[in-house]
Amino acid sequence: MTAPIDPRQANRLLDTLKSRIETLPAKLKTAAKYVIDAPGDFGLDPIRVTAAKAGVSPNTLTRLAEAFGYSGFESFRAPFRAALVTAREADLGADWLDQLAAGSQTGVLQAKAARNALNITARSLRLMTAERVEAIIAAMTSARHCYVTASRSSHALAYYFHYVGRMALPSLELVPRHMGDAADDLLDIGPEDCLFVITFAPYSTSTIRALRMAGDAGATIVLLSDSDTIAPGVHADHQVLFSTQSPHSFGCLSGAMVTLECLLSHLIDAGGTAAQARIERYEAMRQDSGAYWSGRQLPRTSSRT
């Protein structure tokens with residue numbers, strides 16, 4: 001079975017082409033420039049059409065693919081095809097949901113879960129107005145320290161948001177830093193700081209304590225939650241609501257996740273060239289340290305002795 005292709009791979013490949021194009025032989029440089037200038041057409045057209053448009057031979061396109069570690073033209077073009085399919089998903093309609101629901105019991109449940117996820121993500125994104133986003137990004141980027149906290153099941157969301165966000169905003173800190181209480185790391189929070197909180201019902205006691213502590217200290221509070229009424233004595237300067245409606249017994253976090261993804265896009269954009277340079281340094285460090293599996297790091301060994 002062929003593994004799915006990450007649509008982001010196309011953007012990474014374009015960045016690699018741009019960084020190495022000047023080192024390529026003349027014909028490969030011409031082919032690489034066509035891919036950079038017309039990634040959409042490159043993702044759709046067969047090799048002979050692409051070669052004609054680029055003004056090179058099909059063999060040149062194959063050599064270009066091999067120069068960047070691909071087995072041939074099709075595998076080189078695959079990331080661009082995947083990016084096109086993902087970008088056009090919204091135009092394909094929802095007939096597939098009806099087909100699922102008309103099938104087996106598994107299909108009925110899958111359709112129900114899928115519809116719920118689509119509905120709550122749309123609802124959550126609709127509540128995320130441009131004015132709210134602008135105010136939140138301004139509060140986060142102007143803060144001395146921007147602390148991110150969440151408890152229990154929402155902690156995974158906070159961890160991911162911090163993991164990506166810190167590359168664009170170095171002042172972002174995840175609390176608690178260790179297996180303690182968020183309040184342990186907020187002793188010095190003050191008016192120049194910001195507390196970014198993710199929570200949904202039932203609300204964690206430690207999260208409520210952190211919210212009250214930040215409020216008493218005069219810090220700016222950004223709250224992502226399923227309700228604008230969390231607990232007595234809790235007030236937020238900026239709030240974005242997300243839906244947690246679910247077909248099962250636990251809150252569905254699809255809405256929270258897309259909200260965070262949008263905020264990350266804005267944080268990276270607000271960080272400008274400095275954020276892009278920092279992200280590139282992070283990626284280079286991970287590549288150099290072997291953090292990402294390349295398939296060429298270790299020889300395949302048998303489990304038999």
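This is a predicted model: local features need pLDDT of at least 70, side-chain atom pairs count only at pLDDT 80 or more; totals for chains, interfaces and linings use all residues.

Arg209 is partly exposed, with a relative accessible area of 40%. Arg209 belongs to helix H11, which covers residues 205–216. Its side chain meets that of Asp181 in a salt bridge, with 2.5 Å from N to O. Asp181 counts as buried, at 17% relative accessibility, since the limit for a buried residue is under 20%.

Among the residues involved, Asp41, Asp45 and Lys53 are joined into one network by salt bridges that share partners.

Another region to examine is that around Arg144, a residue that is partly exposed at a relative accessible area of 41%. Which residue forms a salt bridge with Arg144 in which the closest N and O atoms are 3.7 Å apart? The partner is Glu192, an exposed residue with a relative accessible area of 52%. Arg144 lies in the loop between helix H9 (130–142) and strand E1 (146–149), whereas Glu192 lies in the loop between strand E2 (172–174) and strand E3 (194–199), so the pair ties together parts that are 48 residues apart in sequence.

Arg144 also meets the side chain of Asp193 in a salt bridge, at 2.6 Å from N to O. Here too distant parts of the chain are linked: Asp193 is in the loop between E2 and E3, Arg144 is in the loop between H9 and E1, and the two are 49 residues apart. Is Asp193 buried or exposed? At 1% relative accessibility, Asp193 counts as buried, while Glu192 is exposed.

The last element to consider is helix H1, formed by residues 9–20. Its 12 residues reach 16 Å from the first C-alpha to the last, close to the 16 Å expected at 1.5 Å a residue. The buried residues of H1 are Ala10, Leu13, Leu14 and Leu17. Viewed down the helix axis, these buried residues fall within an arc of 105°, and they therefore line one face of H1. On the other side of the helix, Asp15 and Ser19 are exposed.

How values were computed
Residues are numbered from 1 along each chain as its sequence is written. Side-chain values use heavy atoms; hydrogens and water are left out. Helices (H or I, at least four residues) and strands (E, at least two) are DSSP runs, numbered from the N terminus. The expected span of a helix is 1.5 Å times one less than its number of residues. Buried means under 20% relative accessible area, exposed over 50%, partly exposed in between (1.4 Å probe, protein chains only). The arc is that of the directions from the helix axis to the C-beta atoms. A salt bridge is a side-chain nitrogen of Lys or Arg within 4 Å of a carboxyl oxygen of Asp or Glu.
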